[in-house]
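Colleague: I would like to learn how to read a structure of several chains. Could you take me through it, feature by feature?

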Amino acid sequence: MTRRRDKGAAVASLIVLAAVTAAAILAPMLSPAEPLRNDLLERLTPPMWNAGGSAAHPLGTDTLGRDVLSRLLYGARVSLVVGFVTVIISGAAGVALGVLGGFYGGWLDDVLMRAGDVQLAFPVLLLGVALLSVLGPGLVNLVLVLVVSGWITYARIVRGETLSLKHREFVEAARALGALDGRLIWRHLLPNVWAPIAVVATFSVARTIIAEASLSFLGLGVPAPTPSWGAMLDEGRNYITTGWWLALFPGTAILLVVLVINLIGDWLRDALDPRVERGI
Amino acid sequence: MPSFLLRRLIHGVFVVWGVVTAVFFLVRLTGDPSAFLVDQSATREEIAHTRHLLGLDRPLYQQYAAFLLAAPRGDFGTSIRDKRPAMGLVLEHLWPATVELALAAALLSTVLAVPLGIISATHKDRAADHVSRIASLLLQSMPGFWLGLLLILLFAVELRGFLPAFGSGTWRHLVLPAVALAAAPLAQNARLVRAGMLEVLQQDYVRTARAKGVPERGILYRHAFKNAAIPFITVSGLSLGFMLSGAIIIETVFAWPGLGRLIVQAVPGRDFPVIQAGVFVFALIFVALNLVVDLLYAAVDPRVRLG
Amino acid sequence: MAKRTARRWVWAVVLALAVGTSEAQTVDGVAVDADAELVVAVPDDTNNMDPRIGMGSTRSNYIRQVFESLVDVDAQGKPVPGLALSWKPVNDLTWEFTLRRGVTFHNGEAFNADTVLFNLDRMFRKNLDKWGVKDVTAGTSFEKVYPAVTRWEKVGDYTVRIYSSEPVPNLWDVVGREPLVPREYAIKNGVEALNERPVGTGPWKMVAWKRNDSMRFERYEGYWGSPPLFKRLRFQVIPEAGGRLAALRAGQVGLVDAVPPLDAGVLGREPGIKVMSSAQKLYCRIYLNARPKDKFDSGGKDGLFTDPRVRLAFNLAVNKEGIVQKIFHGYAQANASPVATVSYGYAAQEPYAYDPKRARALLAEAGWKDAGPDGVLKRDGETLTLQLLFPAKHYGQGFDETTPAVAEMLKAVGVQVVIKPVDYGTLIQTVTKGTLPYNGGFTACRTSNNLDADDYLRDWTAITLINWAPYPADLVELYRATRREVDPQKRLKLMADLQRRVRDWAPVVSLYQEAKIFAASTRVLRFAPLMDLHMDFRGVALRK
């Protein structure tokens, strides 16, 4: 009975996520105005259901007269791209490194694990602040920073699985028969590993979106004038009492997207029932 | 056990060294602070002179060697901005500010998680469980600073200073930042306790105990919880570590004079000694916590000791 | 007998009344609390208390509570006697300062000519071995900027003469604004003590300093001038503007510095709170790369903006009044002179009109005629691009909002603006090393510790990190003339002339000069913002 209810929530979440993605892709068509166009005369107009609002700007305008709804839609692109691309790259890199480390062991494994330990001891945000100060802000740099701080989780899980599988009879038998390592990894190891990876990856997307918002809050995210939800929250926090709509909408958007992704991840975890360390 | 401890200690030292070295070279890649220390109308020669006085024109390996020699004595250099010993500055900000905040938040997020998780587990699929699940999901989906801003808006502005919005000093100042910092981990921990309890409650030996007629409460506390303790210990230990990290943003929102904020401010200012000292302290604490967690693990689960 | 008793009673009553009323102090007829503490919410902590280490706008505020200078400033920004009673040029090459008597430092040390000589030694880094002082790396090196000043001596205990090899007409300002430190204290305890346990002549003694959190002061009872009418002062660091205002509304602080313009209007209508503002010296501009190719890391190209017509066009393309009204809600002003409006020697110039058509015409004159399909102007195949470095979050909200708005205005006349937010450190690195791209520029704000216009006019003389449009030969000549002219009237005229020519030559795109906005509880009496970088609490009282 639980499974069915969970499934309902997961399906609803997927629909919401699909809708958000569609909105992001269709942003140019759905936006009432250009997100970068600023017009000082239209500063800080409230949403249209408030006094002083207008239908031309349904969710109001920001401090430079830019339309909030348009920025919200274009901002969805940034958040989703940052979230998914980061996870795909860090996942791929982490899985590859984890498999190699687990399978071949030796110094490669040692180096990877030590690097991972060092990285974990580095407060994540600090790593972001330091690296972005070196590299400068930018979408590519941001993704790079998030990838660097994220790969280790996947690597650990995969390594653990690889280690335990390595010594199973069928693997040893296959090796004895002369099977290529690559084939082994591809055919036998990876399929056993994708379940926990999928779960972790899903939660990672959510965490990455929040991380992007946090870095933007510190002024290090995707640079102006590109709209991103985190940056919009950052701009809006100075106007909480006078321009509440500036922070409310992007904050709610982040909350909503992260929430549905977490729900999907929850369902995935229950469905796949992988032996993932609960501490992830 | 002693060899286990020794191995972990060596490992810890290595990790701290690795972190500090990485930071050392990383921040020097970002340039140097000489230009900050002079007037806007300074010439290149003056800036070069300042750089020389700071010792930043020496070759990197020389600077690193000097650093390695001084660090074990606790000498991390002088803050370029404040002209005071860097480690002193760091410790001033660590204690009591960040420690207070991290401890308060860690306590909130672990101690409260236990009863919440147990209630969820024992009332599985009933109203309390659903409410807790929704609340937990919401809290985990919110960026910490947004929750902080909402709390400020509600308690400090709307309720006219019922709780202060800034700074530190009394226990009242600690409430809002600690809650903002603890919220997401609390939610996560409660779910973990719930999951751990559920898993254990379904296991054979529990069913056996039930069949034998052992009262429910005994089952809960003696058998189930002790085994659910292992992931819980891991999580609590790491919680404190992540508190230090998450504290950075919370400290910024609430103007809490802590170490996270100090380091974040030192980075754009290229205040190398402070950055290095601060990261060293962070890494040290994190490693020490990990060590304690590992030891607790070893105490609870004998298999680990041999691993 | 009865008469004597009656007289005694009368005396008793009179005495009682006298004692009673002298307990209650009043200011403007309102009872004030002499023992109160005023908490001021400020956005930043200071890095140092020793003035030699550096004095920006934040640090000045802290430092000038404890230390004072020879020349003081009144509410209109005009120079008034401080630790010096008067100053005058004895001849073309000599300035004489007459010092105030009866002034003591917080630790009892006397202030006299010896103090001034010691401070001059520190400022110009001369004779330091004589004192056995190994001094700090200074923020401003006077010996480099004013090499003509050669020596100084005392004439009696309260007069100091300063000699120079060339006339230095603004020496009173150069030397007069430096906060002075105690000589014996510094020699005995080392200069670090000046930073950790500062001792000055000012109305406030520093009693506690919790870094990045707060600084506490207590009134100096031996102060020579009119003292603050309350006993304790605390600067509380609250970086977020919203936090500062929340603290004010909740009654946790009495005065807030750096109120955002949008909130000023709302706050002004709230009971129990008053809003005060005054012009200040923070002057924000876009600096364009107009250096010749040998003066920066150019890869062989001159700066793209060497043609003054192009720079003038940019000035005409920016709607400065629009910025002042819309972004700053009137709490700023447009200024066509390179000198801040509150400086001594400021001469108002014809404002730059907001005229995009004329801007385009000027650009066309300079060769930027053909507009591509995207509207961006081209010349010989090159597009008119501006790579604009901008230190986000360094100067405040208004600054952060102005840059994209200005970019949009420039786009409207055919300039392609690429905004590059960087952190302040990176910007400083770039301009110091000279690695600004040839088509680059940056937004930055300039403030001044000094009262004289020379501080601003000097910007485009030597190649320094903010000089990206060095004066042509004729302006160099004119500037040198202002430095040599001893007659005050003639000098003012020369400076006015220079300002007019600099306005037309337009080395920078001037954006706005910001006003300071304070908000205070109505309990705070007689506080007036200064047109200088710091807050002055002398004569301020707190209502009971």
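This is a predicted model: local features need pLDDT of at least 70, side-chain atom pairs count only at pLDDT 80 or more; totals for chains, interfaces and linings use all residues.

Colleague: Let us begin with chain A. How many helices and strands are there in chain A?

Modeller: Chain A has 10 helices and 0 strands. Along the sequence the pattern is α-α-α-α-α-α-α-α-α-α. The C-alpha atoms of chain A fill a box of roughly 75 × 50 × 30 Å along the principal axes. Of its 280 residues, 51% count as buried. Taking contacts in chain A between residues at least 6 apart in sequence, 70% join residues at least 24 apart.

Colleague: How are two packed helices described?

Modeller: By the angle between their axes and the distance between the axes. As a case, take helix 3 (residues 68-104) and helix 10 (residues 244-272) of chain A, whose axes come within 11 Å and cross at roughly 35 degrees. The crossing of helix 3 and helix 10 of chain A is right-handed.

Colleague: Which residues of helix 3 and helix 10 of chain A make the contact?

Modeller: Helix 3 of chain A contributes A:Val68, A:Leu72, A:Gly75 and A:Ser79. From helix 10 of chain A come A:Trp245, A:Leu246, A:Phe249, A:Pro250, A:Ala253 and A:Val257. By class, this contact has 8 nonpolar, 2 polar and no charged residues.

Colleague: Now the contacts between chains. How many residues does the contact take from chain B and from chain A?

Modeller: It takes 42 residues from chain B and 33 residues from chain A. On the side of chain B that touches chain A, the elements giving two or more residues are helix 1 (2-29), helix 6 (127-141), helix 7 (144-158), helix 8 (171-201), helix 10 (216-253), helix 11 (259-266) and helix 12 (272-300) of chain B. Helix 1 of chain B gives the most, with 9 residues. By class, the side of chain B that touches chain A divides into 34 nonpolar, 7 polar and 1 charged.

Colleague: And how many residues does the contact of chain B with chain C take from each?

Modeller: There, 38 residues come from chain B and 42 residues from chain C. Helix 2 (44-53), helix 4 (86-111), helix 7 and helix 11 of chain B each supply at least two residues of the side of chain B that touches chain C. The largest share of that side, 5 residues, comes from helix 2 of chain B. By class, the side of chain B that touches chain C divides into 18 nonpolar, 10 polar and 10 charged.

Colleague: Which residues of the largest nonpolar core touch the most other members?

Modeller: The largest nonpolar core has 313 residues, and those that touch the most other members are B:Val19, B:Val90, B:Val279, B:Ala283 and C:Leu410. Helix 8 of chain B gives the most to this core, with 16 residues. Leaving aside neighbours within four places in sequence, B:Val90 is in contact with B:Leu259, B:Leu262, B:Val274, B:Ala277, B:Gly278 and B:Val281.

Colleague: Turning to chain C, why is its radius of gyration said to agree with a compact globule?

Modeller: Because a compact globule with 544 residues would have a radius of gyration near 24 Å, and chain C has 26 Å, which agrees. Chain C has 18 helices and 24 strands. Its C-alpha atoms fill a box of roughly 110 × 55 × 40 Å along the principal axes. Of the 544 residues in chain C, 51% are buried.

Colleague: Which residues are buried in helix 12 of chain C?

Modeller: In helix 12 (residues 320-327) of chain C, C:Lys320, C:Ile323, C:Val324, C:Lys326 and C:Ile327 are buried. The buried residues of this helix pack against strand 15 (332-333), helix 14 (397-411) and strand 22 (508-521) of chain C. Helix 12 of chain C is followed by C:His329, whose phi is positive, near 50 degrees.

Colleague: One last site. Is C:Thr201 buried or exposed?

Modeller: C:Thr201 counts as buried because it has 27 C-beta neighbours inside 10 Å, and the cut-off for buried is 20 or more. C:Thr201 is in the loop between helix 8 (191-196) and strand 10 (204-210) of chain C. Not counting residues up to four places away in sequence, C:Thr201 touches C:Glu68, C:Leu83, C:Val103, C:Phe105 and C:Phe111.

Key
Residues are numbered from 1 along each chain as its sequence is written. Chains are lettered from A and ligands numbered from 1 in the order in which they are written. Two residues are in contact if their C-beta atoms, placed from the backbone, lie within 7 Å. Helices (H or I, at least four residues) and strands (E, at least two) are DSSP runs, numbered from the N terminus. Ala, Val, Leu, Ile, Met, Phe, Trp, Tyr, Cys and Pro count as nonpolar, Asp, Glu, Lys and Arg as charged, and the others, Gly among them, as polar. A residue is buried if 20 or more other C-beta atoms lie within 10 Å of its own, exposed if 12 or fewer, and partly exposed in between; C-beta atoms are placed from the backbone. A nonpolar core is a set of buried Ala, Val, Leu, Ile, Met, Phe, Trp, Tyr and Cys residues joined through C-beta atoms within 7 Å. Axes are lines fitted to C-alpha atoms, for helices over the stretch in contact, and angles run from 0 to 180 degrees between N-to-C directions. A crossing is left-handed if the near helix is turned anticlockwise from the far one by less than a right angle, and right-handed if clockwise. The radius of gyration is taken over C-alpha atoms; the globule rule is 2.2 Å times the number of residues to the power 0.38.
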